[in-house]
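Student: Let's go through this one together. Start with the strands, please.

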Amino acid sequence: MQRVPNFLIMSLLLGSVYASSAVAAATPLIVPQLLEVVAQKKCLQDDEQEYCAEIRIDLESTGVDWLDQALLARLAITHPEEDAETFPADISAQLQDIKQQANAWLVDSYAEIKEAREAAEPYFVGYDHSDSIRFIAQRNHLASFKQFSYGYSGGAHGMYSTSYTLFDLNTHKQVLLPDILQRFADAKLLQALRELYIESYADYAENWLSDDLSEQAQTFLTDNFVFNEQGLTFSYAPYVLGPYSQGEVRLTLHYAQLKDILKPEYLFDH
């Protein structure tokens with residue numbers, strides 16, 4: 001067998017080290033800063049009672065332009081039908097667009113408050129729109145974020161939800177559920193989530209869990225997931241897997257349960 005010269009081996013090793021260093025250098029380090037995008041309130045005073053339309057939008061910006069644009073797109077009040085990857089020319093234009101949307105929302109909501117009060121509708125108390133995104137953590141080239149959204153437009157209560165997103169800082173893309181799963185692991189994941197739900201929320205499972213397997217998959221296999229120290233947590237808004245009084249349903253699968261489900265690079269327990 002022909003021996004490989006030592007200098008060639010060293011060249012290959014150094015090349016590998018330099019390539020790894022280049023990738024690491026290309027991965028930005030996120031240093032979040034709170035950015036208040038919108039904070040507006042307009043109230044109608046009536047018989048010592050105040051009826052308000054209030055809107056608040058903020059996020060922890062990352063200083064990474066493409067990522068901040070992706071996060072701001074999630075905070076837009078109205079979403080155009082074109083591709084979600086298409087943003088205004090720059091962040092300043094995007095911020096201005098959201099502020100214009102917020103102002104239009106405030107004007108319309110205040111007009112509806114006046115109309116409701118003139119009609120003496122007793123259930124009506126105001127309008128509220130709040131949306132915020134917070135940075136959770138960065139693990140090498142992966143960065144996770146949490147978005148909390150709340151809306152109220154009269155009636156017994158508002159609606160809220162928590163959304164999680166995971167971004168690959170090297171590919172500039174959101175990491176979706178199919179990206180982290182092994183091939184043909186969907187059925188295993190669905191079974192694990194279904195069993196955990198039935199075990200943890202037995203009182204609701206009979207009424208809130210569909211008998212149709214495809215509907216179960218559509219409900220459970222969501223991109224709304226977040227990695228943590230225990231494993232992988234999936235979050236479901238009120239009324240998806242339980243009543244409003246239950247709040248959000250969260251199902252956490254521990255890493256030991258995910259050995260045959262997740263790709264090895266997403267098993268963060270080792």
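Tutor: Quick ground rule: two strands pair if DSSP finds at least two bridges between them, and helices (H or I, at least four residues) and strands (E, at least two) are DSSP runs numbered from the N terminus. This is a predicted model, where local features need pLDDT of at least 70, side-chain atom pairs count only at pLDDT 80 or more, and totals for chains, interfaces and linings use all residues. Residues are numbered from 1 along each chain as its sequence is written, and side-chain values use heavy atoms, with hydrogens and water left out.

Student: OK. What is the order of the six strands in the open sheet?

Tutor: The order is S1-S2-S3-S4-S5-S6, and the pairing is mixed. S1 and strand S6 (173-174) are the edges; each has a single partner strand, so one side of each lacks a neighbour in the sheet.

Student: How many bridges pair S1 and S2?

Tutor: There are 13 bridges between strand S1 (residues 33-46) and strand S2 (residues 49-61), and the two run antiparallel. Leu35 sits opposite Leu59 in S2, and Lys42 has Ala53 of S2 as its bridge partner.

Student: Which residue takes a positive phi in the hairpin of S1 and S2?

Tutor: That's Asp47, with a phi near 50°; two residues lie between the strands in this hairpin.

Student: And in which sense do S2 and S3 pair, parallel or antiparallel?

Tutor: Parallel, over eight bridges. Ile55 is paired with His129 in S3 there.

Student: Further along, how many bridges join S4 to S5?

Tutor: S4 and S5 share 10 bridges and run antiparallel. One example is Ser149, whose bridge partner in S5 is Ser161.

Student: Switching to helices. Which strands does H3 lie across?

Tutor: H3 lies across S1, S2 and S3, at about 20° to S1. For angles, axes are lines fitted to C-alpha atoms (for helices, over the stretch in contact), and values run from 0 to 180 degrees between N-to-C directions.

Student: At roughly what angle do H2 and H3 cross?

Tutor: Helix H2 (residues 65-75) and helix H3 (residues 91-118) cross at roughly 10°, and their axes come within 10 Å. H2 and H3 are therefore roughly parallel to each other, a label for angles under 35 degrees.

Student: Which residues of H2 and H3 make the contact?

Tutor: From H2, Asp65, Asp68, Gln69, Leu72, Ala73 and Leu75; from H3, Ile91, Gln94, Leu95 and Ile98. Contact means heavy atoms within 4.5 Å. By class, the residues of the H2 contact with H3 are six nonpolar, two polar and two charged. Nonpolar here is Ala, Val, Leu, Ile, Met, Phe, Trp, Tyr, Cys and Pro, charged is Asp, Glu, Lys and Arg, and polar is the others, Gly among them.

Student: Back to sheets. What is the order in the open sheet of three strands?

Tutor: S7-S8-S9, with antiparallel pairing. S7 and strand S9 (249-254) are at the edges with a single partner strand each, so one side of each has no neighbour in the sheet. On average, neighbouring strands of this sheet are turned by 20° against each other, direction ignored.

Student: How many bridges pair S8 and S9?

Tutor: Six bridges, in the antiparallel sense, with S8 covering residues 231-236. Across that pair, Ser235 is opposite Arg250 in S9.

Student: Which helix packs on the sheet there?

Tutor: Helix H5 (residues 186-200), which touches S8 and S9. The direction of H5 makes about 120° with that of S9.

Key. Angles under 35 degrees count as roughly parallel, over 145 as roughly antiparallel, 65 to 115 as roughly perpendicular and the rest as oblique.
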